Amino acid sequence: GCCGTMMSCSSAPITNRNQVLFYPESVINSQAAKNYANFKKKAKLSEDKETLKLIVDIGSKMEIAIKAYFANKKIEDPTKDYNWEYILVDDDKTLNAWCMPGGKIAVYTGILKATKNKDGLANLMGHEIAHAVAKHSVERQSAALALNVGTTVADIFLGGVISKTRNTVGQNTGVDLLQIGIFNPFSRTQETEADYLGLAFCSMTGYNLYEGIEFWKRMKEFNKGKEPPQFLSTHPSSENRISQIRSWIPTI
């Protein structure tokens, strides 16, 4: 059974996980493009032209492979309206990379010490590109909207019990029930999906998937002692991530 008129039910590419996407993607993508343009103005961009060229090369290969994959499967290409862009941010202290909706990607120079080589970098980028291809931001916005509407309606019927409980638990423990119950697992599902799709994109473009394991092992070393317990985290623990990736490689 599918959702009412306001919602569009679809499934994530390749994994076919059911998604509810009713927040207009075009709105999210244009907001993201504006934010990305602002970020580029403010951020200190790296002078390392060679690494930026490598990032753009890997990204372009993945863009082409993704288009070919969907064409081959005769499935509508979820990236058809994307305007992919890549930047390298000069920040050696930050082990990070992110992808805004619509294919706006940033890699921080700090994470290069964990990616180490082009295959490591490709595994990181596959993961980031996957978030955009699987429309995770659209899904989260839709969920946030549904959740807010849903909890407000429920609250009216329950005389504000949910808000009270959430606040009391939050004040006593510093833990938000909705975060743990809904958004974190949801976000972890998305992270895991991005790991899986990222491997698929690396495989399609001929990069070494085993470097993905090495990359996450290095990330784990850099994060030593800083990792929150998995259920409180939006990301799967490194241990789980590494063993999962290892088990997926043969099937991919």
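At 30% relative accessibility, Ala33 counts as partly exposed, a class that lies between buried (under 20% relative accessible area) and exposed (over 50%), as computed with a 1.4 Å probe on protein chains only. Ala33 is found in helix 1, and its C-alpha atom is separated by 9.0 Å from that of Gly103, 70 residues apart along the chain. The model is predicted: local features need pLDDT of at least 70, side-chain atom pairs count only at pLDDT 80 or more, and totals for chains, interfaces and linings use all residues. Residues are numbered from 1 along each chain as its sequence is written, and side-chain values use heavy atoms, with hydrogens and water left out.

Ser26 also lies in helix 1, which spans residues 25-42. With a relative accessible area of 55%, Ser26 is exposed. Ser26 and Val138 are 112 residues apart in sequence, and their C-alpha atoms are 9.6 Å apart in space. Pro24 lies in the loop between strand 2 (18-21) and helix 1 and is partly exposed, at 40% relative accessibility. A C-alpha separation of 7.5 Å is found between Pro24 and Val138, which are 114 residues apart along the chain.

## Overall architecture

The protein contains nine helices and five strands. Helices (H or I, at least four residues) and strands (E, at least two) are DSSP runs, numbered from the N terminus. Along the sequence, these elements follow the pattern β-β-α-α-β-β-β-α-α-α-α-α-α-α.

Of the 252 residues in the protein, 43% are buried. The accessible surface comes to about 13,200 Å², and 57% of this surface belongs to carbon and sulfur atoms; such areas come from the Shrake-Rupley method with a 1.4 Å probe, and for residues only the protein chains shown count as cover. Among contacts (heavy atoms within 4.5 Å) with a separation of 6 or more, 69% join residues 24 or more positions apart.

## Nonpolar cores

In soluble globular proteins, nonpolar side chains tend to be buried together. A nonpolar core is here a set of buried Ala, Val, Leu, Ile, Met, Phe, Trp, Tyr and Cys residues joined through side-chain atoms within 4.5 Å. The largest such core has 40 residues, of which Met62, Trp84, Val107, Ile129 and Phe201 touch the most other members. Two or more residues of this core come from each of helix 2 (49-72), strand 3 (85-89), strand 4 (97-100), strand 5 (104-108), helix 4, helix 7 (177-204), helix 8 and helix 9. Helix 4 gives the largest share, eight residues.

Apart from neighbours within four places in sequence, Trp84 is in contact with Glu63, Thr79, Gly102, Gly103, Ile105, Ile129, Ala132 and Val133. A second, separate core has nine residues, including Ala32, Ala43, Met100 and Tyr108.

Two packed helices are described by the angle between their axes and the distance between the axes. Axes are lines fitted to C-alpha atoms, for helices over the stretch in contact, and angles run from 0 to 180 degrees between N-to-C directions. Angles under 35 degrees count as roughly parallel, over 145 as roughly antiparallel, 65 to 115 as roughly perpendicular and the rest as oblique.

The axes of helix 4 (residues 118-133) and helix 8 are 8 Å apart, at an angle of about 85°. Helix 4 and helix 8 are therefore roughly perpendicular to each other. In this contact, Asp119, Gly120, Asn123, Leu124 and His127 of helix 4 meet Glu211, Gly212, Phe215 and Trp216 of helix 8. These residues divide into three nonpolar, four polar and two charged; Ala, Val, Leu, Ile, Met, Phe, Trp, Tyr, Cys and Pro count as nonpolar, Asp, Glu, Lys and Arg as charged, and the others, Gly among them, as polar.

Helix 8 (residues 210-222) and helix 9 (residues 238-248) have axes that come within 10 Å and cross at roughly 175°. Helix 8 is therefore roughly antiparallel to helix 9. On helix 8, Ile213, Trp216, Lys217 and Lys220 meet Ser238, Glu239, Arg241, Ile242, Ile245 and Arg246 of helix 9. The residues of this contact comprise four nonpolar, one polar and five charged.

## Positive phi values

Most residues other than glycine have a negative phi, and most peptide bonds are trans. Lys74 has a positive phi, near 55°. Lys74 is found in the loop between helix 2 and strand 3 and is exposed, with a relative accessible area of 75%.

Lys116, likewise not a glycine, has a positive phi of about 70°. The loop between helix 3 (112-115) and helix 4 holds Lys116, which counts as exposed at 59% relative accessibility.
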